[in-house]
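Please prepare a report on the packing and pairing found in the structure below, with each term given its cut-offs.

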Amino acid sequence: MNGPFHRYAGNPIITAGDLPYSANSVFNAAAALVDGETLLLMRVEDRTGLSHLTVAHSKDGLGDWRIDPTPTMPADPIGHPEELWGIEDPRITWVEDLGLYVIAYTAYSAGGPLVSLATTRDFVTFTRLGPVTLPENKDAAIFPVRFGGRYAMLHRPSPSQPNGAHIWLSFSPDLKHWGDHQIVLPCRTGGWWDANKIGLSPPPILTSEGWLIMYHGVRHTIAGGIYRLGLALLDAKDPRRVLRRADEWVFGPEASYERQGDVADVVFPCGWVVEGDELRVYYGAADSSMALATASVSEVLDWLRRHSPPAPD
Ligand code: BMA
């Protein structure tokens, strides 16, 4: 095994057959530690093709998942027309100064996918804040702290133009109105594994060395896309500053459940949790099931240091 991440031997951890109701697939879950348990907010694609979100809990974050009997957070296309074609790919951030979890998710509107926010205390009731970007935009997460009094969000506008789909950083005084948009992590170009299109994976995690960023890079091939994962580090006080970015991908589709499914060759984490030095990354495998990889935070930081070119300044 190369790299710091280790696939859990019990993968895939949750498949559509584990759900208490009929669905096509379960993948791309957000994750959080809630009341001492691991909670996954899973994207479930039903048999109309549209997605909603459903909660699973586990005491150890590995097995014995207890899954809500019906969709926990269905799309609300009447109250929120931007959710016409479902809701997808959530990321959860605990925001201490609000005492709330903030969920950033993709709302699939008639005008294309966009980023919406919702808050919750208990993952039973959700308060929608509505869309915070125009389409097309995906792969967003809020930082858990404010910078100079403002909330910060990473997101990925993907205009259909040849300049590429980059990760952007925006700021807001109130989680509703966003501005000061800037590119923080550009996709690479040419033959790179992360050329043309990248997007944030789980929310940033604060480590001793800065904000740890995991992102997916998409390599377009004659056979379709390959979704792999890269690592970067942003400055703890000023997340506009990129301290490191590894050249190589750190994790890519290799296991059969990652290589075969509704969409082949996809690993797509939307959630991770840290307990002590242990990092558990929950990822969608081939748009079909949920899988888990574990790592030590210190080994991840060490790998990133060894695989990053020296910082420019
Ligand atoms: C992305 C998102 C993800 C999906 C991935 C691979 O654009 O839509 O939900 O897992 O493509 O199909």
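## Pocket, strands and rings

The largest pocket has a volume of about 500 Å³. A pocket is an open set of points on a 1 Å grid over the protein atoms alone, where a 1.4 Å probe fits, with protein on both sides within 12 Å along at least five of seven lines, and lining residues have an atom within 4 Å of a point; the volume is the space filled by probe spheres set on the points, which are joined across faces, edges and corners. This is a predicted model, in which local features need pLDDT of at least 70 and side-chain atom pairs count only at pLDDT 80 or more, whereas totals for chains, interfaces and linings use all residues. Residues are numbered from 1 along each chain as its sequence is written, and side-chain values use heavy atoms, with hydrogens and water left out.

Of the 27 residues lining the largest pocket, Lys138, Arg156, Lys197, Tyr227 and Phe268 are the closest to its centre. The elements that give two or more residues to this lining are strand 2, strand 3, strand 6 (87-95), strand 10 (137-142) and strand 16 (210-221); strands (E, at least two residues) and helices (H or I, at least four) are DSSP runs numbered from the N terminus.

Strand 10 pairs with strand 11 in the antiparallel sense over four bridges, where two strands pair if DSSP finds at least two bridges between them. In this pairing, Lys138 stands opposite Arg156 in strand 11. Strand 11 (residues 151-157) is also joined by five bridges to strand 12 (residues 167-172), again antiparallel, and there Tyr151 stands opposite Ser172. Seven of the seven residues of strand 11 are buried, that is, under 20% relative accessible area, with exposed meaning over 50% and partly exposed in between (1.4 Å probe, protein chains only). Tyr151, Met153, His155 and Pro157 point one way from strand 11, while Ala152, Leu154 and Arg156 point the other way.

Strands also form an open sheet of four, in the order 2-3-4-5 with antiparallel pairing, whose edge strands, strand 2 (25-34) and strand 5, each pair on one side only. Strand 2 and strand 3 (residues 37-45) share eight bridges, and Leu33 stands opposite Thr38 in strand 3.

The structure holds 13 aromatic pairs, counted when rings of Phe, Tyr and Trp (its six-membered ring) have centres within 6.5 Å, with planes under 30 degrees apart taken as stacked, over 60 as edge-to-face and the rest as tilted. Two edge-to-face pairs are tabulated here.

| Pair | Centre to centre | Angle between planes |
|---|---|---|
| Trp65 and Tyr282 | 6.1 Å | 90° |
| Phe251 and Tyr283 | 5.4 Å | 75° |

Because Trp65 lies in the loop between strand 4 (51-58) and strand 5 (66-67) and Tyr282 in strand 20 (residues 278-285), their pair ties together parts that are 217 residues apart in sequence. Phe251 lies in the loop between strand 18 (242-245) and helix 1 (256-259) and Tyr283 in strand 20, so this pair links parts 32 residues apart in sequence. Phe251 is buried at 4% relative accessibility, and Tyr283 at 1%.
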